[in-house]
Amino acid sequence: MSAPCVSFPGIRPAWLLLGVLLIFGWGGLCLAGEDLEIAVDLIDSKAQAEKLFKGDIVARGLFALNITLRNHSSDITCTVQRSNLLVLTEFDVQIPAIEARRAYDRMMWNVAGGPYFGEAGLVRTISESSRKKKYKKTVLAEALPETVTLAPHEEISGIVFFEMPAGVKSVRFSTLLLQEIVNEQTGERLYRQVPLSQ
Amino acid sequence: MKGNKLKKISVLVLLAAWTVLAGASPAPEKNKKDQKKFTEYKSQHKKRGDVHGTSFDLPQAMVYEGIIQAFANLELTVNKEYRALGYLEGGHSRGISAERVITWVDPEGPRRWRVEVRNIRASRMGLIGALTTKDWSHELLAEIENVLADKPTLEQLQARVAEKPDSIDLRRQLAEMEVQFDMDDEAVAEYQALLQRHPDSLRDRLSCAELLLQHDRLAEAETLFAAAEMKDPATVLRLSRVCLQRENTDHALNLLNPLAESHPQDMRIRFELGRACFFSGDLERAKSLFGGIVTEAPQHAFAQYAGHWQKIIAAVESAGLDAPGTQRLIGEELHEEALNSLARKHLTAAWNGLPTGAEKYKSGCLVTEICVDQEAYDDIVAMVQPLVAELKKAKQGDMLLHLALAYCHQRDFVKARETAKAAKKAGCKDAKILESALKYYI
């Protein structure tokens with residue numbers, strides 16, 4: 001599935017942090033004109049997770065977004081914090097992004113427990129070491145940094161993880177909210193939303 | 001030949017032993033001279049044994065986040081946690097040995113929290129394994145202090161705001177801290193002061209609105225938005241949902257009708273309007289709106305939910321709105337649609353009206369689940385405590401778990417643990433983690 005890719009004209013919307021929805025044909029907010037482009041890919045199935053992370057994050061109660069940010073402006077630098085990202089479901093349930101380290105912890109075995117601990121030390125040591133390396137490479141290394149600063153004409157991609165709340169069956173009709181994008185030149189604080197599916 | 005074979009086997013055994021011990025080698029330690037030391041003492045919770053600790057004048061949520069960050073910085077895994085209790089367990093594994101690290105965040109006074117850490121070395125290869133382990137207590141506590149070092153206390157933030165009254169970040173931090181300390185009135189005042197200086201900050205305007213809505217100050221919340229913004233669909237939909245939760249259906253319809261006229265093809269708006277019509281008693285219009293969504297856009301996100309409401313309308317027409325079965329259907333659907341305050345009302349009616357059985361218990365369980373979300377712990381105790389014996393017999397582990405959580409909030413950990421045990425026996429898997437955490441609170 002190709003990622004929905006959204007560029008907005010320079011219209012400033014009035015929109016609700018806590019209740020923003022996908023509104024068809026509605027303009028979004030830009031640094032200046034069509035400057036900041038945001039593309040999102042939802043990873044919420046076992047197959048996708050196994051392909052990307054070599055492990056089933058969905059079975060551990062997580063889902064992820066592969067986010068690409070492109071700054072098309074020629075003179076504006078903008079900053080986004082991972083902690084300012086959240087997913088809003090169609091029923092206004094807010095799901096904040098979690099640190100990549102939390103996702104990594106979920107994929108690891110219990111300390112002093114779990115398979116092979118003690119009984120077959122060599123097996124556990126090797127398997128655990130291999131597991132750590134695998135998830136450091138696929139989960140931690142691919143994560144979007146805590147702070148993303150995009151210089152003019154710069155682009156960055158990364159994974160952001162979320163915990164699926166109990167009672168939420170799917171986030172396919174949800175929206176990604178960037179609660180605050182800071183224009184480093186003017187100090188202006190802006191907001192954006194992107195649907196997770198078309 | 002035999003000699004060669006023996007040599008090969010010996011080399012393999014040595015290699016295996018080397019691999020095991022190399023993999024189990026202790027993590028590099030900071031220079032011990034620089035390491036801050038914390039005094040070991042016996043915790044007032046006897047089961048915790050000998051611990052190390054330190055205190056913070058910060059909100060519990062902030063301290064807890066600091067612990068999580070410290071774990072991450074030291075590359076310690078987090079395996080189990082119970083945020084509401086302030087309990088976190090994890091550590092470092094080396095294959096044949098490991099260190100389990102348990103931390104607790106307990107109240108020490110008004111706006112003061114104590115962090116206690118216990119390090120447990122685990123080894124399945126006796127002394128050899130044990131020699132490879134270490135004590136993370138000092139390093140972890142030092143790292144927590146390091147992470148939280150630049151977090152100002154409430155008084156410090158207030159002083160900083162007084163020095164820099166125009167700083168949006170400082171005022172926002174102060175308002176957020178006041179919310180974490182349950183000082184909601186002060187937080188609203190802080191947001192209002194912020195908005196006087198930064199009227200364009202929609203994020204803070206909405207945070208303030210959310211706080212006002214939590215305290216039923218709907219009119220004040222609405223005045224935060226200019227007339228132009230009130231025509232924005234997202235804002236209107238959000239407010240209409242809140243009106244519905246507050247059972248102010250007329251106001252919800254006043255908001256939704258013009259919106260539906262200006263956005264006739266928007267399925268979300270039609271769905272919300274259909275639901276508002278249902279609660280205002282206009283079943284015919286509700287049926288028509290839901291039917292339209294199901295027919296015109298069967299793949300749409302809201303088509304499934306519209307179908308549920310059609311079934312609810314059929315139940316109302318056959319059994320009546322006040323029938324316990326109908327109340328259950330309405331409550332369950334509202335819960336699925338995250339309208340929990342309203343859902344609770346209908347589910348409570350179902351719980352009170354239905355005969356003993358699976359449907360009654362399901363309704364009750366959803367009520368207690370919502371009460372946990374809303375932190376209405378006293379309501380859980382009032383509802384569930386008289387029925388503990390019955391719930392144990394009926395194997396309603398989830399309701400018993402919610403009761404255990406309520407006791408935790410009341411800091412009656414003996415009762416909480418007994419109830420968690422009962423919940424575990426009744427088949428609630430989550431109760432096992434709570435029970436194992438609670439043994440350290442006695």
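Modeller: Before we start, helices and strands here are DSSP runs, a strand having at least two residues, numbered from the N terminus. And keep in mind that this is a predicted model.

Biologist: Got it. So where is Asn183(A) found?

Modeller: Asn183(A) belongs to strand E9 of chain A, which covers residues 175–183.

Biologist: Is Asn183(A) buried or exposed?

Modeller: Buried: its relative accessible area is 2%, and the cut-off for buried is under 20%.

Biologist: What lies 3.2 Å from a polar atom of its side chain?

Modeller: That would be the backbone nitrogen of Thr186(A).

Biologist: Nice. Stepping back, how many helices and strands does chain A have?

Modeller: Chain A has 3 helices and 10 strands. Along the sequence they come in the pattern β-β-α-β-β-β-β-α-α-β-β-β-β.

Biologist: And how many of its residues count as buried?

Modeller: 56% of the 198 residues in chain A. As for contacts between residues at least 6 apart in sequence, 71% of them join residues at least 24 apart.

Biologist: Let's switch to chain B. What is the angle between H5(B) and H6(B)?

Modeller: Helix H5 (residues 154–163) and helix H6 (residues 168–180) of chain B pack at about 150 degrees, and their axes are 9 Å apart. Angles over 145 degrees count as roughly antiparallel, so H5(B) and H6(B) are roughly antiparallel to each other.

Biologist: Is the crossing left-handed or right-handed?

Modeller: H5(B) and H6(B) cross in a left-handed way.

Biologist: Which residues make the contact?

Modeller: From H5(B) there are Leu154(B), Leu157(B), Gln158(B), Arg160(B) and Val161(B). H6(B) brings in Leu170(B), Arg171(B), Gln173(B), Leu174(B), Met177(B) and Glu178(B).

Biologist: How do those divide into nonpolar, polar and charged?

Modeller: The contact of H5(B) with H6(B) has 6 nonpolar residues, 2 polar and 3 charged.

Biologist: One more, on Ser341(B). Which helix does Ser341(B) lie in?

Modeller: Ser341(B) is part of helix H16 of chain B, residues 340–353. Ser341(B) is partly exposed, at a relative accessible area of 35%.

Biologist: What is Ser341(B) in contact with, leaving aside neighbours within four places in sequence?

Modeller: Gln245(B) and Gln374(B).

Biologist: How far apart are Ser341(B) and Gln374(B), in sequence and in space?

Modeller: They are 33 residues apart in sequence, and from C-alpha to C-alpha they are 8.6 Å apart in space.

Terms used:
Residues are numbered from 1 along each chain as its sequence is written. Chains are lettered from A and ligands numbered from 1 in the order in which they are written. This is a predicted model: local features need pLDDT of at least 70, side-chain atom pairs count only at pLDDT 80 or more; totals for chains, interfaces and linings use all residues. Side-chain values use heavy atoms; hydrogens and water are left out. Axes are lines fitted to C-alpha atoms, for helices over the stretch in contact, and angles run from 0 to 180 degrees between N-to-C directions. Helices (H or I, at least four residues) and strands (E, at least two) are DSSP runs, numbered from the N terminus. Angles under 35 degrees count as roughly parallel, over 145 as roughly antiparallel, 65 to 115 as roughly perpendicular and the rest as oblique. A crossing is left-handed if the near helix is turned anticlockwise from the far one by less than a right angle, and right-handed if clockwise. Contact means heavy atoms within 4.5 Å. Ala, Val, Leu, Ile, Met, Phe, Trp, Tyr, Cys and Pro count as nonpolar, Asp, Glu, Lys and Arg as charged, and the others, Gly among them, as polar. Buried means under 20% relative accessible area, exposed over 50%, partly exposed in between (1.4 Å probe, protein chains only). A polar contact is a pair of N or O atoms within 3.5 Å; within protein, one must be able to donate a hydrogen and the other to accept it, and residues adjacent in sequence count only if both atoms are side-chain atoms.
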